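The structure is shown below.

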Amino acid sequence: MDIQGLLRNNGELEFLFSQMNDGMTVVDAKVEGLPLIYVNSAFEKMTGYSFKECHNKNCRFLQGPGTSKDDISKIKHALANGEACSVTIKNYRKNGEEFWNQLSISPMKEKNGEISYFVGVQKDVTEKVILENTVKQQVIELEKTRERLSELVSTDPLTELYNRRYLLEQLTIQLNVAIRNQLAISICMLDVDYFKQFNDTYGHIEGDRCLRKIAQAVKKVYQRDSDLVARFGGEELVVISIGN
């Protein structure tokens, strides 16, 4: 099968390929390096390279620093084993601009099963990929925001312990867990003595710093997953602890 001769001698076929919206390439499977022997006008327009610039080159000249190694390996594996493959790969135009290329490669075999050519069809899906990546990033940012809002709803901003609202929500839940599993449950309230006098003497900034240190010291004692330490209000802390 002589693709080049077929295209030269069949003007209608050449015209048909030239009218395709998607890029089309043909590489010679029998020549080392798998050189390009045909590209249509859509490929030239997509990449910025003329057929003369592409001729006898391997398609990897379109690849660059941002091209996925996994995609490259997938293509190499398919070519080495005479298999079809499809990837969406980052390529680069002649002017250095990135674009996303939805590439499908198919082997063309002789009657005896020998592969003569690989035909590639390229579709520029840059806008689609950018949109998908933007949506993914927005989902990630929304999830981070949701987690942050959840923390703000359940966390006391001064001590970074759970707040009173979360404590009251968890009290019934933890009690039911203890009853269901026949475990002991302890509820302890801690009240910092003479805290008002400390604030009056050293000021509220030092008082806040002191309360944070006390809160973190209590939290270090109760580190199990079944322990819950919360700020009940003012200088009052509550600890719920399940088990021995």
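## Charges over rings

In this predicted model, K57 is placed over the face of F61, at 5.4 Å from the ring centre. A second case involves R164, whose charged end sits over the ring of F232, 4.1 Å from its centre.

F61 is partly exposed, because its relative accessible area of 23% falls between the limits of 20% and 50%.

## Aromatic pairs

Across the whole structure, a search gives 4 aromatic pairs. One of them joins F61 to Y49: the ring centres are 4.9 Å apart and the planes stand at 90°, so the pair is edge-to-face. Y49 belongs to the loop between α3 (41-47) and α4 (51-54), while F61 belongs to the loop between α4 and α5 (69-80), so the pair ties together parts that are 12 residues apart in sequence. Y49 has a relative accessibility of 16% and counts as buried.

Another pair is formed by F198 and Y202, with ring centres 4.8 Å apart and planes at 45°, so this pair is tilted. F198 and Y202 are 4 residues apart in helix α8 (residues 195-202), a separation of about one helical turn. F198 is partly exposed at 27% relative accessibility, whereas Y202, with a relative accessible area of 54%, is exposed. Ring pairs also bring in F195, which forms a cluster with F198 and Y202.

## A buried glutamine

Helix α7 (residues 164-180) contains Q174. The relative accessibility of Q174 is 14%; this is under 20%, so Q174 counts as buried. Leaving aside residues up to four places away in sequence, Q174 touches I185, I240 and I242.

## The sheet and its helix

Five strands make up an open sheet in the order β2-β1-β5-β4-β3, with antiparallel pairing. At the edges are β2 (36-39) and β3 (85-92), each of which pairs on one side only. From one strand to the next, the twist averages 25°.

Strands of a sheet pair through backbone hydrogen bonds, either parallel or antiparallel. Between strand β1 (residues 23-28) and strand β5 (residues 115-124) the sense is antiparallel, over 6 bridges. Within these strands, M24 stands opposite V121 in β5. Helix α5 packs on the sheet and touches β3, β4 (98-109) and β5. The direction of α5 makes about 130° with that of β3.

How values were computed:
Residues are numbered from 1 along each chain as its sequence is written. This is a predicted model: local features need pLDDT of at least 70, side-chain atom pairs count only at pLDDT 80 or more; totals for chains, interfaces and linings use all residues. Side-chain values use heavy atoms; hydrogens and water are left out. Rings of Phe, Tyr and Trp (its six-membered ring) pair if their centres lie within 6.5 Å; planes under 30 degrees apart count as stacked, over 60 as edge-to-face and the rest as tilted. Helices (H or I, at least four residues) and strands (E, at least two) are DSSP runs, numbered from the N terminus. Buried means under 20% relative accessible area, exposed over 50%, partly exposed in between (1.4 Å probe, protein chains only). A charge sits over a ring if NZ of Lys or CZ of Arg is within 6 Å of the ring centre and within 35 degrees of the ring normal. Contact means heavy atoms within 4.5 Å. Two strands pair if DSSP finds at least two bridges between them. Axes are lines fitted to C-alpha atoms, for helices over the stretch in contact, and angles run from 0 to 180 degrees between N-to-C directions.
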